[in-house]
Structures are given as C-alpha cells and as structure tokens.
Amino acid sequence: LTTLDLGGNNLGYYGGIAIREIIREGNSSIKFLNAGFCQFKDKGAIQIFKGLQDNKTLFQLNLNRNGISSKSRDEIVKALEKNTSLWILSLANNFLEQCAVIQILSLSEKMKIYCDLGNNPLGPIGKMMVTRLSSTKERWAHFAERIT
C-alpha cells in the first residue's frame, strides 16, 4: 500500500493516534497520505506529527481543514526537522497564526519541503513569506535542489 486516502472522515484524536502508529518508522510503505478534513484538531494532529518524526517513506501529507492551530507548532517543527522523506506538506485552511507560519515556512525552506499554508490567519509578515516562497521559480528551485 503506497497511497492512503482518509479525507473527509471524522477521525478526530483517536484517528490521529492510529495514523501515528501507521506511519511510524518500519510500520509503513505509504508515500501519499490524504487526511484532509478529518477533524483532528490539535490533539490528533500532534499525534500524527509525532509519527512523522521517525517516518522514512512518506512523500506527501495532506492535513488541510483539520482545525490545527499554533498550539501544534512545536510538534510540526520537530517533525520537519527530523523527517527526511517528506517533500510536500499541506496545512491549508487551518488556524496557524503568523508566528507559527513564519517558523514553519523558514524551516520548510531550509529543509526543501513544499509547504502549503494557504488560508491560515498568516498576518502581514506571514503573507510576505508565503508570497515570496510561492513564486513558481522559488517553488520549483526547491524541488530541483532536492532531486540533485
């Protein structure tokens, strides 16, 4: 199994725990995971990010529309720092505020991860960073660097 689409299911906190166990190192060959609109909120999302820290297979993770706020920032950052396989992280349409967005975008740029943070309450500096990093030239330059 390389693709898992759980999108639109009301999985909540316990679903986050189950996904954590599925994606932990050695437990999974999943490369693409859609878990958008699953009602994880922060408690469930934190569990997923804990599993992502040790994952070596996941290429793309969609967590759009899950009620994730800046309370999850520390676990998101740890996951981005430790995970070496992730290329695309979608966190659009959540509640990540400016401080969290700046930290996540800075780290995703450093780690060469494309991170979608659209429709979060970004604040003016967060919007500037998203605009700068979302230009086609910048986005594809990250992928080119990662591949070579």
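Predicted model: local features only at pLDDT ≥ 70, side-chain atom pairs only at ≥ 80, totals over all residues.

Colleague: How many bridges join strand 3 to strand 4, and how do they run?

Modeller: Three bridges join strand 3 (residues 60-62) to strand 4 (residues 88-90), and the two run parallel. Residues are numbered from 1 along each chain as its sequence is written, and side-chain values use heavy atoms, with hydrogens and water left out.

Colleague: What counts as a helix or a strand here?

Modeller: Both are DSSP runs, numbered from the N terminus: helices are H or I with at least four residues, strands are E with at least two. The chain has six helices and five strands. From the N terminus, the order is β-α-β-α-β-α-β-α-β-α-α.

Colleague: What is the strand order in the open sheet?

Modeller: The five strands are ordered 1-2-3-4-5, with parallel pairing. Strand 1 (3-5) and strand 5 (114-116) each have a single partner strand, so one side of each is left without a neighbour in the sheet. Neighbouring strands are turned by 5° against each other on average, direction ignored.

Colleague: What makes helix 1 and helix 2 roughly parallel?

Modeller: They pack at an angle of about 5°, with axes 7 Å apart. Axes are lines fitted to C-alpha atoms, for helices over the stretch in contact, and angles run from 0 to 180 degrees between N-to-C directions. Angles under 35 degrees count as roughly parallel, over 145 as roughly antiparallel, 65 to 115 as roughly perpendicular and the rest as oblique. Helix 1 and helix 2 are therefore roughly parallel. The residues of their contact divide into six nonpolar, five polar and three charged. Ala, Val, Leu, Ile, Met, Phe, Trp, Tyr, Cys and Pro count as nonpolar, Asp, Glu, Lys and Arg as charged, and the others, Gly among them, as polar.

Colleague: Why is helix 2 described as mostly covered?

Modeller: Ten of the 14 residues of helix 2 (residues 41-54) are buried. Among them are Ile46, Ile48 and Phe49. These buried residues pack against helix 1 (12-23), strand 3, helix 3 and strand 4.

Colleague: At what angle do helix 3 and helix 4 pack?

Modeller: Helix 3 (residues 73-82) and helix 4 (residues 98-110) pack at about 0°, with axes 10 Å apart. That makes them roughly parallel. The contact divides into seven nonpolar, one polar and two charged residues.

Colleague: Which residues does Gln98 contact, leaving aside neighbours within four places in sequence?

Modeller: Contact means heavy atoms within 4.5 Å. Gln98 is in contact with Pro121, Leu122, Gly123, Pro124, Ile125 and Gly126. The C-alpha atoms of Gln98 and Pro121 are separated by 6.7 Å, although the two residues are 23 apart along the chain.

Technical notes. Pairing = 2+ DSSP bridges. Buried < 20%, exposed > 50% of the residue type's maximum accessible area, 1.4 Å probe, protein only.
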